[in-house]
Amino acid sequence: MKQLGVGLIGTGYMGKCHALAWNAVKTVFGDVERPRLVHLAEANAELAAARGAEFGFEKATADWRALIADPEVDVVSVTTPNQFHAEMAIAALQAGKHVWCEKPMAPSYVDAERMLEAARASGKVAVLGYNYIQNPVMRHIKVLVGEGAIGKVNHIRVEMDEDFMADPEGFFYWKSALAGGYGALDDFAVHPLSLLWFLFGHVEAVVTDMVKPYPDRPLQQGGRKAVENHDGANVLMRLAGGISGVLMVNRAAWGRKGRIALQIFGSKGSITYDQERMNEFDLYQAEGRGTEQGYRKILAAPAHAPYDRFIPAPGHGLGFNDLKIIECRELLRAIAGEPSSTVSFADGLRIEKSVHAMAKAFHERGWVTVDD
Ligand code: NAD
């Protein structure tokens, strides 16, 4: 495969994660061409220049369209706030670039559909930043479920909680505005949904309650602004194969820092996992004498590929940014036309459809079938 030229739009939290991944993918995996960090775009020229130098990009601009027009850019990382994803990803695809776009696709379903249409029309690779499916531990949980290690799965509970919006006096910013979407559903629910999709397939029907713990927030320039979306949601779900599920998300959950707690119950056992302890999971198999039954804690190890590409010792652990490096390697596989484990725009759209169905169920106060 030829050396790919990388463009990066946005250099905040996720922009830095993408930059780290592009920088590290060759060192970690070895079997790829080292990507060339060609062009970086930020909201203003000063920040772009500073970040371009820090992240190691050759060119920096305050005009993301110049980056997309750059013939030396083959693949574009879109890491801007949600409301910019559609415009930027579509422009990149139309210019013949591959796209690695942060989740969710877009606040509006119509825009997300346009993104998928653009991807299909371009014939280029378009994937979303659903990094949690890349955890070697999560991959092994999928293997165990597939092998029937816990029998027939019948019930799933998943919670995603963080406390970055728990302070009622935290400033209003784009995540509290309607432009950022429904709130915790776009911000959080999509992540557990990507895990459920990865492990079991898509959600079929939902009923939802949503919560807005704080009606308004202070503005940085003074005064207060009404919060436009919901920081929490509780959802009952029906999945394919008769699996029942519960999804709870809360970004105002004091004490929770990066929790994605998954419990999978089957006819012969159960599996539990929490992203806050992403290098382990617990397996319960209902066998042997009752006197010794209990959960077994399994630590991430080189046997859980591709952990071995990072470190040869078991129990030492990977980190969040390593998931992005694995995601980057999977993207490169997709670009090379090889089988890859990514969330495509097509699967991402189905995840977004579930989120819109959840919001609809809240407003209609009843069960909603996702594909209606
Ligand atoms: P952020 O605010 O930290 O960063 C966004 C950056 O985009 C900022 O640096 C901003 O200046 C820049 N930007 C805004 N408008 C721009 C423009 N027109 N041109 C160029 N740059 C521009 O936000 P974030 O937390 O990094 O979130 C970005 C995206 O990543 C969101 O879609 C969010 O949902 C997603 N996200 C994903 C994960 C994950 O685990 N995959 C985690 C956090 C956020």
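Residues are numbered from 1 along each chain as its sequence is written, and side-chain values use heavy atoms, with hydrogens and water left out. Because the model is predicted, local features are reported at pLDDT of at least 70 and side-chain atom pairs at pLDDT 80 or more, whereas totals for chains, interfaces and linings use all residues.

Helices (H or I, at least four residues) and strands (E, at least two) are DSSP runs numbered from the N terminus, and two strands are taken to pair if DSSP finds at least two bridges between them. On this basis an open sheet of nine strands is found, with mixed pairing and the order E16-E15-E14-E13-E7-E12-E11-E8-E18. Strands E16 and E18 stand at the edges, and each has a single partner strand, so one side of each is left without a neighbour in the sheet. Strand E7 (residues 153–161) and strand E13 (residues 259–266) run antiparallel and are joined by eight bridges; within this arrangement, Ile156 stands opposite Ile264 in E13.

Asp161 belongs to strand E7 and, at 10% relative accessibility, counts as buried, where buried means under 20% relative accessible area, exposed over 50%, and partly exposed in between (1.4 Å probe, protein chains only). A polar atom of the Asp161 side chain lies 3.4 Å from the backbone nitrogen of Asn250. With contact defined as heavy atoms within 4.5 Å, and with neighbours within four places in sequence left aside, Asp161 is in contact with several residues, among them Phe188, Met248, Asn250, Arg256 and Arg259.

Arg238, in strand E11 (residues 232–239), is partly exposed, with a relative accessibility of 43%. Not counting residues up to four places away in sequence, Arg238 touches Val203, Glu204, Ala205, Ile243, Ser244 and Trp367.

Helix H7 (residues 184–200) has 17 residues and should span 24 Å at 1.5 Å a residue, which agrees with the 22 Å between its end C-alpha atoms; the expected span is 1.5 Å times one less than the number of residues. A kink of about 35 degrees lies at Val190 in H7, shortly before the proline Pro192, the bend being the angle between axes fitted to the seven residues ending at a residue and the seven starting there. Since 17 of the 17 residues of H7 are buried, the helix is largely enclosed by the rest of the structure. Just after H7, Gly201 takes a positive phi of about 105 degrees.

Helix H9 (residues 320–335), with 16 residues, reaches 23 Å from its first C-alpha to its last, close to the 22 Å expected at 1.5 Å a residue. Of the 16 residues of H9, 13 are buried, so this helix is largely enclosed by the rest of the structure. H9 is followed by Gly337, whose phi is positive, near 80 degrees. Gly337 occupies the loop between H9 and strand E17 (343–344) and counts as exposed at 64% relative accessibility. Although 212 residues separate Gly337 and Val125 in sequence, their C-alpha atoms are 9.1 Å apart in space.

Most residues other than glycine have a negative phi, and most peptide bonds are trans. Arg365, although not a glycine, has a positive phi of about 60 degrees; this residue is placed in the loop between helix H10 (345–364) and strand E18 (368–369) and is exposed, at 58% relative accessibility. A cis peptide bond joins Lys103 and Pro104, with omega about -15 degrees, and Pro104 lies in the loop between strand E5 (98–101) and helix H5 (109–122). A cis peptide bond also joins Ala305 and Pro306, with omega about 0 degrees, and Pro306 lies in the loop between strand E16 (296–299) and helix H8 (307–310).

With a disulfide defined as a pair of cysteine sulfur atoms within 2.5 Å, the count comes to zero disulfides. Cys17 is in no disulfide, and the nearest cysteine sulfur, that of Cys328, is 12 Å away. For Cys328 the closest cysteine sulfur is likewise in Cys17, at 12 Å, too far for a bond. Cys17 counts as buried at 4% relative accessibility, and Cys328 counts as buried at 0%.

Conventions: Polar contact = N/O pair within 3.5 Å; in protein donor to acceptor, adjacent residues only side chain to side chain.
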